Amino acid sequence: MAKPRPFLGLLAGVAAGLVASAAMAAFQHQAGKLLPEDGKDEDPATVKAADKASEALTDAPVPDAYREQAGRAVHYITGAVLGGIYGVITEYQPEASTGFGSAYGIATSALLDEGAVPAAGLAPGPEDTPLAQHAYGAASHLVYGIVLEGVRWLIAGKR
């Protein structure tokens, strides 16, 4: 095995995470058109997370004029952090890139969509979520994982 390069892995992962987050957002924009209209008036979990952070810091939710941008910032920050983690992991355990990042993408779906996000009260629990929404989330994270590995590979090389 090649000697691990954690700093390169981190930088490559963060950059790849940002690009993968953009790809995921583009996929969600198109795929979201296929989902039923139920619940589309509700704020996305990213906006709810931004509200929680804003309330912790300022005792007030994000102002209406900035809600969309704040939700987008949460999306990209989360993608960059998860990408950085992935980049470092693949430096030490190259098999983490199994399926060209698809396994990591599905793992992030399980961790976030099925675990942390509902646990934080930002979305309904898995048992209260329609099957189409589960498939949409898994597919979104699959796109994230594959693009994440592709960009990481371009920057840091095959491990």
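**Salt bridges in the predicted model**

Hi everyone, let's start in helix α3, where Glu68 and Arg72 are four residues apart and so separated by about one helical turn. Helices here are DSSP runs of H or I, at least four residues, and strands are runs of E, at least two, numbered from the N terminus. A quick word on the source: this is a predicted model, so local features need pLDDT of at least 70 and side-chain atom pairs count only at pLDDT 80 or more, while totals for chains, interfaces and linings use all residues. Residues are numbered from 1 along each chain as its sequence is written, and side-chain values use heavy atoms, with hydrogens and water left out.

Back to our pair. The side chains of Glu68 and Arg72 form a salt bridge at 2.6 Å, N to O; the term means a side-chain nitrogen of Lys or Arg within 4 Å of a carboxyl oxygen of Asp or Glu. Glu68 is exposed at 55% relative accessibility, and Arg72 is partly exposed at 41%. For those words, buried is under 20% relative accessible area, exposed is over 50%, and partly exposed is in between, with a 1.4 Å probe and protein chains only.

How many salt bridges does the structure hold? There are six. Another one joins Glu149 and Arg152 at 2.9 Å, N to O. These two sit three residues apart in helix α5 (residues 131-156), about one helical turn. Glu149 is buried at 3%, and Arg152 is buried at 1%.

Finally, Asp51 meets Arg67 at 2.7 Å, N to O. That pair links distant parts of the chain, helix α2 (residues 45-58) and helix α3 (residues 67-92), 16 residues apart. Both Asp51 and Arg67 are buried, and together with Asp43 they make up a network of salt bridges.
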